[in-house]
Amino acid sequence: MKSLNKGVFFIVILAILVGVLIAKSNFYSLNNHTRLIDRVPVSDYLIRLKSLQFSKEINPILFKYKLPIREFASPDFLLGQAKHHGINIQTEVYLFFNESKDEWGALMQVNDSSKLISGIDRFRKNTELIDSSAEDIRIFYFNELKIYVAYEKNYLFIYSGSNFSARLNEVSQSKLGEIRPQWKRFLTKKPFKNENLVIYTEGTGIQSWGFDYGLIAHDNDTTGLHLKCYLHSYAPHGIYCTQNSVGLPRSSQDVKAIELHLSPKFKTTKTGQQLIGKLHSIGKKISFPTHEFFATWAGDLSFREGGSVNATQRVITSEFDDDFNVREVIRFEQIKVPGYTVIYNTSDDGKRFINKLFAKGLLRSEAQRLRFLFSPLLSMKNTLPYYYFTSATRFPTQIPNPGNYVLWNYQGTPILLHIGAIETNSIELDIDFAVKPVLKYIQRTKKSNLTK
């Protein structure tokens, strides 16, 4: 019993000593420092970035196309420079930007803020720099770049926009554990948890399409980029791909293509109605009767533009008969015209949409055929429940289960969007496009900004 009491007494004394040592080492104050994630402001788009891993991921692209930045974006160079200037890029970097893209910011972890000034001084030699540092916060403005840089002991804040003072106040006055709700929601989402670069939005942009939030991540090789999108709606969106559908085969000549086979029930859901409203606002540019189309559409749509097809052209010539009287002679000849095909199915009131196209002048009769805006002349047939339009001599043959995708050409770059997994409240999309046109676009944008 005495030995037990001595043991308890020893444990109590040891606990007191440990408590004194912890207090003297200022342990609690060290761990009460505001975390980086507690400081980050919110905006329309939030980004979580693993810098080193992302650098390793895109480095093959930079070297393949011999971009000037390739040496400075290598993982070894970034790590060395970060350590030299007291920045910890082995931790996650957090970024934000708004819908109009005229404001963005980034927050990075700092290990030794005393080393940062050497990096600032290197820029000072080559560009105009305004120092407006306060007592506790160093603040610099790079006039040529229109970028603010601010830092304290454990963070570096980089900002571009017109709201710097308010944003810096959000960053500097944050408290431990006060992570903003939007960031908290983002970081608890399961999709793309292990990706190196993830973009999250719950702003008006994504909501205008009928979804409550979305996440974007990417994969790449040296030739192509693959975007992975996850769209979520709290109410069931009602969008489902139909089984045993028929459509058009995909061709290497397709410049633009749409292949959609959806259950028409989505038109009654909140998400579906907002999608239709968004498409209506786009269609208004050419006075397209979007609402009439969706009111009669039964869910199947196949569209192709590209290549050339055989067509018959009606030619009228004047000839002299044996008595030298002028007469008109009609003959038909085979010609090549741009390939253009549309097939869609309708409900019982399908003619209402066709009549609306005629009333708005989008569809008109010409040479006993039809023309939609600037399309080649089209032949039309109606085999219920399908309407067929084609510039070819013959109507194309449909194939089973052609998939659900959209191929579009944006400024010369083909972009392919596939509909992936669909759940009651979510949809996954896959978007593929080539790397090279993207790099050229970035270079053109950079040159344009430099000449302004």
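Reader: Before we start, what pLDDT do side-chain atom pairs need to count?

Author: Residues are numbered from 1 along each chain as its sequence is written, and side-chain values use heavy atoms, with hydrogens and water left out. This is a predicted model in which totals for chains, interfaces and linings use all residues, local features need pLDDT of at least 70, and side-chain atom pairs count only at pLDDT 80 or more.

Reader: How many salt bridges turn up in the whole structure?

Author: Side chains of opposite charge can pair when their charged atoms come close. Here a salt bridge is a side-chain nitrogen of Lys or Arg within 4 Å of a carboxyl oxygen of Asp or Glu. Searching the whole structure on that basis gives 13.

Reader: Arginine 48 pairs with glutamate 92; how many residues apart are they?

Author: Their side chains meet in a salt bridge at 3.5 Å, N to O. Arginine 48 sits in strand β1 (residues 45-49), and glutamate 92 in the loop between β2 (87-88) and β3 (93-97); helices (H or I, at least four residues) and strands (E, at least two) are DSSP runs, numbered from the N terminus. The pair links distant parts of the chain, and the separation is 44 residues.

Reader: Is arginine 48 buried or exposed?

Author: Buried means under 20% relative accessible area, exposed over 50%, and partly exposed in between (1.4 Å probe, protein chains only). Arginine 48 has a relative accessibility of 6%, so arginine 48 is buried.

Reader: Which helix holds arginine 185, the partner of glutamate 202?

Author: These two side chains form a salt bridge at 2.5 Å, N to O. Glutamate 202 is in the loop between β9 (197-201) and α9 (204-207), so the pair ties together parts 17 residues apart in sequence. The helix with arginine 185 is α8 (residues 181-187).

Reader: Where does helix α4 kink?

Author: α4 (residues 51-64) has 14 residues and spans 20 Å from first C-alpha to last, close to the 20 Å expected at 1.5 Å a residue; the expected span is 1.5 Å times one less than the number of residues. The bend at a residue is the angle between axes fitted to the seven residues ending there and the seven starting there. The kink is about 40 degrees and comes shortly before proline 60, at isoleucine 58.

Reader: And which residue with a positive phi follows α4?

Author: Within α4, the buried residues include Ser51, Leu52 and Ser55. After α4 comes a residue with phi near 50 degrees, lysine 66.

Reader: How many disulfides are there?

Author: A disulfide is a pair of cysteine sulfur atoms within 2.5 Å. Cysteine 229 is buried at 9% relative accessible area, and cysteine 241 is partly exposed at 27%. The search of the whole structure returns 0.

Reader: What accessible area does the nonpolar patch with Trp209 have?

Author: Patches are made of residues with over 30% relative accessible area and no salt bridge, with like charges joined within 9 Å and nonpolar side chains (Val, Leu, Ile, Met, Phe, Trp, Tyr) within 5 Å. Tryptophan 209 lies in the loop between α9 and β10 (213-220). Together, Trp209, Leu279 and Ile282 have about 240 Å².

Note on methods:
Accessible areas come from the Shrake-Rupley method with a 1.4 Å probe; for residues, only the protein chains shown count as cover.
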